[in-house]
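Here's a friendly walk through one structure, done as questions and answers. Have a look at it first, then read on.

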Amino acid sequence: IIDEDWDTRNQQYDNWLKFIESNGEDSEYWFEKHMNKDYPVTLEDHFKWLKDAGFSRVESHWRHYNFAITSAVKEG
């Protein structure tokens, strides 16, 4: 999940990349992998995609920085 606010989003990515580097990892590699494999979106876009796919009762149960736990129900 990415934050809707660009300043907050950039700060979260900056913190994450610093954490990666502090563990001896290549932050550019992991950032590129994240962008190409994880498809980060805002909760608003995530919920829209779910609703467009026929899901209802779309909810966010927990959110911390760029992590979230969500659920949705598809009837039928």
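Q: Is Trp30 buried, exposed or partly exposed?
A: This is a predicted model, where local features need pLDDT of at least 70, side-chain atom pairs count only at pLDDT 80 or more, and totals for chains, interfaces and linings use all residues. Residues are numbered from 1 along each chain as its sequence is written, and side-chain values use heavy atoms, leaving out hydrogens and water. Buried means under 20% relative accessible area and exposed over 50%, with partly exposed in between (1.4 Å probe, protein chains only). Trp30 has 31% relative accessibility, so Trp30 counts as partly exposed.

Q: How many aromatic pairs are there?
A: Rings of Phe, Tyr and Trp (its six-membered ring) pair up if their centres lie within 6.5 Å; planes under 30 degrees apart count as stacked, over 60 as edge-to-face and the rest as tilted. By that rule, the count comes to 3.

Q: Which kind of pair do Tyr13 and Phe31 make?
A: Their ring centres are 5.2 Å apart and the planes sit at 85 degrees, so we call this pair edge-to-face.

Q: Which helices does the pair of Tyr13 and Phe31 tie together?
A: Helices (H or I, at least four residues) and strands (E, at least two) are DSSP runs, numbered from the N terminus. The two residues are 18 apart in sequence. Tyr13 lies in H1 (residues 6-22) and Phe31 in H2 (residues 27-38), so the pair links H1 and H2.

Q: Is Tyr13 buried or exposed?
A: Look at the relative accessibility of Tyr13, which is 12%. That's why Tyr13 counts as buried.

Q: What is the angle between the planes of Tyr29 and Trp30?
A: These two rings form an aromatic pair, 5.0 Å centre to centre. The pair is edge-to-face, and the angle is 80 degrees.

Q: How many bridges join strand S1 to strand S2?
A: Two strands pair if DSSP finds at least two bridges between them. S1 (residues 56-64) and S2 (residues 67-73) run antiparallel, and the number of bridges is 6.

Q: Which residue in the hairpin of S1 and S2 takes a positive phi?
A: The hairpin has 2 residues between the strands. The residue with phi near 55 degrees is Tyr65.
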